[in-house]
Amino acid sequence: MSTYTSSPVSDSETHNLVAEELGGNIPEADAGWINSLYEGLAKVASIDQYFGLSSEHKNGWWRRIPEAPTHISELYEPLRIVIDSIITHFGLSGVNGTREAVNTQNHAFKGPSFSVPDGAELGFSNATSCFAVRLDAEVTEAPDHAAQMTAYAKNIFIQQPNRIFVRTLLITQRRAFLFHFDRSGAQYSSPFNIHTEPHTFTRIILGLCAADERILGLDDSVQWVVGPDGKKLSGTLTTLTSDNTTITYDLIMNEDGFARRGLRGRGTICWVVQNAKKERFIVKDYWLADGRTPEFELLKEARGLSAVCQMVSYEENRAQTKAFRGDTNLFKQGSFQNRTAIRIVMKAYGRSAENFSSAQQFLAALRDAIAGHRSLLAKGVIHRDVSPNNILLGCPEADEGHRGVLIDLDIASKRDAPFDLIRADYKTGTRPFQSLMILKTSELDEEDIFAHDYLDDLESFFWVFSYILLTYKSNDPYWSYDVKFTFLHSTCTDKAIRRTIDEGWRPSCLDLFVKFREYMSDLFTEKKMLLFDVESDAKGGLPNRFSSVLAHVDEHYDHILALFDEALKKAQEGSKSPGAASTSGVQVGASDTTASEVAKALEPPAAPGQYFATSSQLPIITSPSGLLTSATISSTPSQTSSPDHPLAVSRGSKRRRSQDPELDEAPMDVKRVCSSSRGFGTAIIEPAVCALNSAYEYCIKWL
């Protein structure tokens, strides 16, 4: 447990951080919640005995805490001593204990889910909780301090990936507020007087530094062996097999898993594990919003399908966020959405499609992924989030149908699902790869919204293809729609692309790009002409306005797969030709001169706001007093760029999947993925694609 002290955050910072991470809403818990917590940790008699033996609380006051401090620094050490006294008396410190109250970086925490951070003894990787200390006069409303508490919680979630929830404490010389954070967001308690309610205060301290990891908010099915230096040496993950027997996998420590950096949302964590036979698997933990179809139900439909992720086993209903929060029925409608913990064990495949070693490998992976998408559609499933991160490379020397694998069905839907679950929504999916029709929903009235269909996903495959060729990124729906429309329909695009793409792509991919682009352009035009052409039938229902286009599903897939087969044939022939240009290690990007040519040729609409690059940077918490400087998460220094000075990006510096915007999966649970004002959009300018980028980097920086 760690006592953190820092300066109050400004109103604007509070508003921005709370809006970014929590959707701008932190409800106050019911009055009984704080008193119901941690009741089993210490009986009233035991606490009274502590008061008598320690003499820390006498005559209705914690004797060490000054009644009228003039400066916040007068509270640091007295509070630390009081807290340390509580955890010492109840056996949480000392030789056999694992907890200590500190306000410096000179002490390390212990425990199987904690590890010493690099370069320091104390940090978010080994803190059980964070306390913020304030003078009582500085605290009028708890939400005014939400940004600081949110920053603490987010960093703990990032550094302790098996965290289920985090609780932090705002404390003054008289009162305390408890903040709770989970994947549904946050809530805070009404203030309680630490002097007149000492039993409640004592139980809260014991709960926030409990030895039981479940009480702390950790998932104890994931465990590590920690070495003498405090570093994790090995780990295990325990789950259920398909026949509901328990199995324990070894964590593969030298392979990076994956963890979302956002606080609220699905909170996806992927663990790389192996069984006793050294067979590799991926274990995916995520939090499903109520009303959504569990991914394991859709993966059941995908059993036996080539080029689609295969499930080994699953656990449902591992935990629910409403169980941590008291009576959620008392919350204002729309301020809370329950989420359920789901765990899925899947077969392991290769890395994401961006890690290709040759044009032929990438084409084969994308081709098979499209075929896998077709197989899913035949089972009545629409993926709805086609992106490079959701297309994995198959195993080396894999046969056709296994060279690429489509994964991540957690926002997929059945074609016959209720309209609310399959409605087209620009807030669902990965912005750079959304279809034009999906982006169009950002400006449509509710009555004009339509269903997400397979053609939207096919167009996403085209944007994935374009992205790999051109390192393309975009985010803002308005700007993204404009530049994609220009890119898809401009008569100058083909000429510009021919001059832009790396030589290694030309033999196999240039014709594919031109034909793929033309085909998706024609399909978009057909759909756009039907956008407002809809009338109710005799029974008052609304037919699918795009049915005349969607009826040709086999024709669409056959045509696109044939284009890829033709390109693959060229790639294979090229690799066998003497003196053929190598297509391995194709570098994405081109010279600055080429970038200018492309920009001039395409001439898209002007992007709102300035062109500049931003870095992904988490809140940095520091102590002005010098008593404590908290561990911070590493971030890339901000850079600036302009059309005259492009920011070069190669395949070697691509962004991690965890930093991609996690667009929301549920209509009521709107996440902070874009600025509410178009005028604040930003863009990155990169070689060969300066005309195609928009607000992607602006949105990335919140994650």
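Which residues have the most contacts inside the largest nonpolar core? Hi everyone, let's start there.

A word on the model: it is predicted, so local features need pLDDT of at least 70 and side-chain atom pairs pLDDT 80 or more, while totals for chains, interfaces and linings use all residues. Residues are numbered from 1 along each chain as its sequence is written, and side-chain values use heavy atoms, without hydrogens and water.

The answer is Phe 461 and Phe 465, in a core of 85 residues. By core I mean buried Ala, Val, Leu, Ile, Met, Phe, Trp, Tyr and Cys joined through side-chain atoms within 4.5 Å; buried is under 20% relative accessible area and exposed over 50%, with a 1.4 Å probe and protein chains only. Helix α12, residues 454-470, gives the most to this core, with 12 residues. Helices here are DSSP runs of H or I, at least four residues, and strands are runs of E, at least two, numbered from the N terminus.

Apart from that core lies another, of 37 residues, including Val 82 and Ile 86.

Now, helix α3, residues 44-54. Ile 47, Tyr 50 and Phe 51 are buried there.

Last, Lys 284, in strand β14. Lys 284 is buried, at 4% relative accessible area. Its side chain joins that of Asp 408 in a polar contact of 2.8 Å, meaning N or O atoms within 3.5 Å, one able to donate a hydrogen and the other to accept it, with residues adjacent in sequence counting only if both atoms are side-chain atoms. Thanks, all!
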